[in-house]
Amino acid sequence: MDRNILRTCREDPRRTSTDIQVSVTSPNEPVPSRRTIRRRLQVAGLHGRRPVKKPLVSLKNREACVGWTKQHLSWGPREWANHIWSNESKFNMFGTDGIQWIRRPIGSRFAPQYQCPTVKHGGGSVMVWGCFSDTSMGSLKRIHDNVPKHTSGHVANWFRRRRVDLLEWPSQSPDFNPIEHMWEELERRLKGVRASNANQKFAQLEASWKSIPMTVVRTLLDSMPRRCQAVIDAKAYPTKY
């Protein structure tokens, strides 16, 4: 019975204890309770957890990502340093889009210190575009209409006018774009800092962006070979990056 419970769970980790109960029940054996099933799974180290949310990547894009990383796996610090990394990101005015956890005593659900305050319509957000290189943190620009596709054409034209060659980049490949970690760094630096309006929020973002030391940039660029290898090892499925 225990073996069937574990096998059923491993075949489809999204199955609930009720699903497993139905699957493993046979006419000649007693029906295990859902509590028993959960206990058996916990003893085997299979605990209930919230799954990490990652973008769905098609087979075609995964093959393109693996091909790209193999082509650039041999690059050293000099090659990676010859590029400017850019992207856009959204920052909420109030709170976060992610799940927040607290620890509280039973019966204290509505105590103020255990609540997560919200504002009407989510409080709004600020969309920004930024870039950096191995020599400096570039500018942080605000995208006023919060629609990055309206800005991408202007950015492309800017590069074209200045004869800047663009690095070919596969679609759906956040795991090896170091600026994604730069956005996380910026988010951490503003954790707990409130803004009363969008202009103040952007001013906070811009000041924090300028204060990020170059040691952070160099650490990110130094990680590029490891990122490429991780993507290859995972066959372009999500990695820790």
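A: Let us begin with exposure: a residue counts as buried under 20% relative accessible area and as exposed over 50%. Please note that this model is predicted. Arg194 has a relative accessible area of 56%, so Arg194 is exposed.

Q: Where is Arg194 found?

A: Arg194 belongs to the loop between helix H7 (179-189) and helix H8 (198-211). Its C-alpha atom is separated by 7.6 Å from that of Met93, although the two residues are 101 residues apart along the chain.

Q: Which residues of H7 are buried, and what covers them?

A: The buried residues of H7 are Ile179, His181, Met182, Trp183, Glu185 and Leu186. Their cover includes strand E1 (85-92), strand E2 (125-132) and strand E3 (137-143), together with H8, H9 and H10.

Q: How should I read the crossing of helix H4 and helix H10?

A: One reads the separation of the axes and the angle between them. The axes of H4 (residues 59-72) and H10 (residues 224-233) come within 9 Å and cross at roughly 140 degrees. Angles over 145 degrees would count as roughly antiparallel, and 65 to 115 as roughly perpendicular; H4 is therefore oblique to H10. The crossing of H4 past H10 is left-handed.

Q: Which residues make the contact between H4 and H10?

A: H4 contributes Cys65, Val66, Trp68, Thr69, Lys70 and His72, while H10 contributes Cys228, Val231 and Ile232. Sorted by class, this contact has six nonpolar, two polar and one charged residues.

Q: Is Ser223 buried or exposed, and which side chain does the side chain of Ser223 join in a polar contact?

A: Ser223 has a relative accessible area of 5%, and it is therefore buried. Ser223 is placed in the loop between helix H9 (214-222) and H10. A polar contact of 2.8 Å links its side chain with that of Arg227.

Q: What is the phi of Lys235, and what is that of Ala236?

A: Phi is near 55 degrees in Lys235, a positive value in a residue other than glycine. For Ala236, also a residue other than glycine, phi is positive as well, near 70 degrees. Lys235 lies in the segment after H10, and Ala236 is placed in the segment after H10 too. Lys235 counts as exposed because its relative accessibility is 55%, whereas Ala236, at 10%, counts as buried.

Methods: Residues are numbered from 1 along each chain as its sequence is written. This is a predicted model: local features need pLDDT of at least 70, side-chain atom pairs count only at pLDDT 80 or more; totals for chains, interfaces and linings use all residues. Side-chain values use heavy atoms; hydrogens and water are left out. Axes are lines fitted to C-alpha atoms, for helices over the stretch in contact, and angles run from 0 to 180 degrees between N-to-C directions. Helices (H or I, at least four residues) and strands (E, at least two) are DSSP runs, numbered from the N terminus. Angles under 35 degrees count as roughly parallel, over 145 as roughly antiparallel, 65 to 115 as roughly perpendicular and the rest as oblique. A crossing is left-handed if the near helix is turned anticlockwise from the far one by less than a right angle, and right-handed if clockwise. Contact means heavy atoms within 4.5 Å. Ala, Val, Leu, Ile, Met, Phe, Trp, Tyr, Cys and Pro count as nonpolar, Asp, Glu, Lys and Arg as charged, and the others, Gly among them, as polar. Buried means under 20% relative accessible area, exposed over 50%, partly exposed in between (1.4 Å probe, protein chains only). A polar contact is a pair of N or O atoms within 3.5 Å; within protein, one must be able to donate a hydrogen and the other to accept it, and residues adjacent in sequence count only if both atoms are side-chain atoms.
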